[in-house]
Amino acid sequence: MKVSLICACLISMINLSAQSLYGSWQTTYPGDDGNRVKMVVIFSEHYQVATLYEADNGDFMATNGGSWTLDGNRMTEVVEFDSANPERVGDSVQFTIELKENTLQIIGQKLTLQRIDSGYPGKLAGAWLMSGRKRNGVIQTRDTNRPRKTMKILSGKRFQWIAYDTATKEFKGTGGGSYTTVNGTYTENIEFFSRDQSRVGASLEFNYELVNGAWHHSGHSSKGQPLYEIWSKRK
């Protein structure tokens with residue numbers, strides 16, 4: 001009985017530790033060229049993404065991420081995409097962290113991030129995969145198990161989408177920034193965009209609703225084209 005209670009307590013402690021990572025984190029530091037570099041990391045329940053971009057102009061630099069687990073203070077990440085080093089896709093990477101209430105330190109890298117949020121107040125926190133589109137009034141579904149993926153990870157205040165292929169290890173594009181969900185309106189404020197830096201600074205409004213657990217997302221793209229997307233929660 002005592003052993004069972006001890007095991008239960010240890011499992012509970014690990015789960016609480018993992019939960020405290022949920023949300024988004026950031027730090028800013030001087031780059032090699034003198035410009036300020038901003039790093040933002042978003043953790044959902046099972047997936048994470050880390051991105052570097054220039055703080056003053058939003059110039060995209062690099063992004064990587066994948067699935068993660070935490071055992072005590074030892075984190076393991078299985079890389080699904082890496083824009084700077086695609087050969088890392090599929091690798092399992094381990095590193096040690098020191099987690100406090102509002103700071104996250106990567107041991108050995110002299111890197112400390114400050115908490116942005118804990119998964120609130122936005123209502124779409126989590127990792128999502130694009131699973132369909134509506135065209136001419138007809139919903140066309142997409143197999144989310146295929147190697148070619150478009151994933152969107154959101155905390156309570158931050159969002160990022162990433163398009164990539166785990167089979168070819170190809171990174172295809174990303175964009176992100178802050179977001180809000182108010183009265184059925186989802187608003188993205190773009191801070192970086194790998195394909196077109198001119199989109200930085202734009203704010204886009206969409207209608208959204210959750211239908212049987214799926215996120216229905218409609219409005220106009222950054223190019224002004226009408227869109228209706230369906231996103232499914234990634235498990």
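A residue counts as buried when its relative accessible area is under 20%. By that cut-off Arg-234 is buried, because its relative accessible area is 14%. The model examined here is predicted.

Arg-234 forms a salt bridge with Glu-80, and the closest N and O atoms lie 2.8 Å apart. The pair links distant parts of the chain. Arg-234 sits in the segment after E17, Glu-80 in strand E5, and 154 residues separate them. Glu-80 is also buried, at 12% relative accessibility.

In the whole structure, 10 salt bridges were found. Another of them joins the side chains of Arg-36 and Asp-56, at 2.7 Å from N to O. Arg-36 belongs to strand E2 and Asp-56 to the loop between E3 and E4, so this pair ties together parts 20 residues apart in sequence. Arg-36 is partly exposed, at 42% relative accessibility. Asp-56 is exposed, with a relative accessible area of 57%.

A salt bridge also connects Arg-133 and Glu-229, with the closest N and O atoms 3.7 Å apart. This pair again links distant parts of the chain: Arg-133 is in strand E9, Glu-229 in strand E17, 96 residues apart. Arg-133 is partly exposed, with a relative accessible area of 25%. Glu-229 is buried, at 9%.

Strands of a sheet pair through backbone hydrogen bonds, either parallel or antiparallel. Here, 8 strands close into a barrel in the order E1-E2-E3-E4-E5-E6-E7-E8, with antiparallel pairing. From one strand to the next, the twist averages 35°. Strand E1 (residues 23-30) and strand E8 (residues 111-117) run antiparallel and are joined by 3 bridges. Ser-24 has Asp-117 in E8 as its bridge partner.

The largest pocket holds about 760 Å³ of space. It is lined by 32 residues, and the closest to its centre are Arg-133, Arg-195, Ser-221, Leu-227 and Glu-229. Strand E17 gives the most to this lining, with 5 residues. The lining of the largest pocket comprises 12 nonpolar, 7 polar and 13 charged residues.

The second largest pocket holds about 500 Å³. Of its 26 lining residues, Met-39, Ala-50, Asn-64, Phe-95 and Gln-109 are the closest to its centre. Strands that each supply at least two residues of this lining include E2, E4 and E8. E3 gives the most, with 4 residues. The lining of the second largest pocket has 17 nonpolar, 6 polar and 3 charged residues.

Key: Residues are numbered from 1 along each chain as its sequence is written. This is a predicted model: local features need pLDDT of at least 70, side-chain atom pairs count only at pLDDT 80 or more; totals for chains, interfaces and linings use all residues. Side-chain values use heavy atoms; hydrogens and water are left out. Two strands pair if DSSP finds at least two bridges between them. Axes are lines fitted to C-alpha atoms, for helices over the stretch in contact, and angles run from 0 to 180 degrees between N-to-C directions. On a 1 Å grid over the protein atoms alone, a cavity is a set of points where a 1.4 Å probe fits but cannot get out, and a pocket is an open set with protein on both sides within 12 Å along at least five of seven lines; lining residues have an atom within 4 Å of a point. Grid points are joined across faces, edges and corners, and a volume is the space filled by probe spheres set on the points. Ala, Val, Leu, Ile, Met, Phe, Trp, Tyr, Cys and Pro count as nonpolar, Asp, Glu, Lys and Arg as charged, and the others, Gly among them, as polar. A salt bridge is a side-chain nitrogen of Lys or Arg within 4 Å of a carboxyl oxygen of Asp or Glu. Buried means under 20% relative accessible area, exposed over 50%, partly exposed in between (1.4 Å probe, protein chains only).
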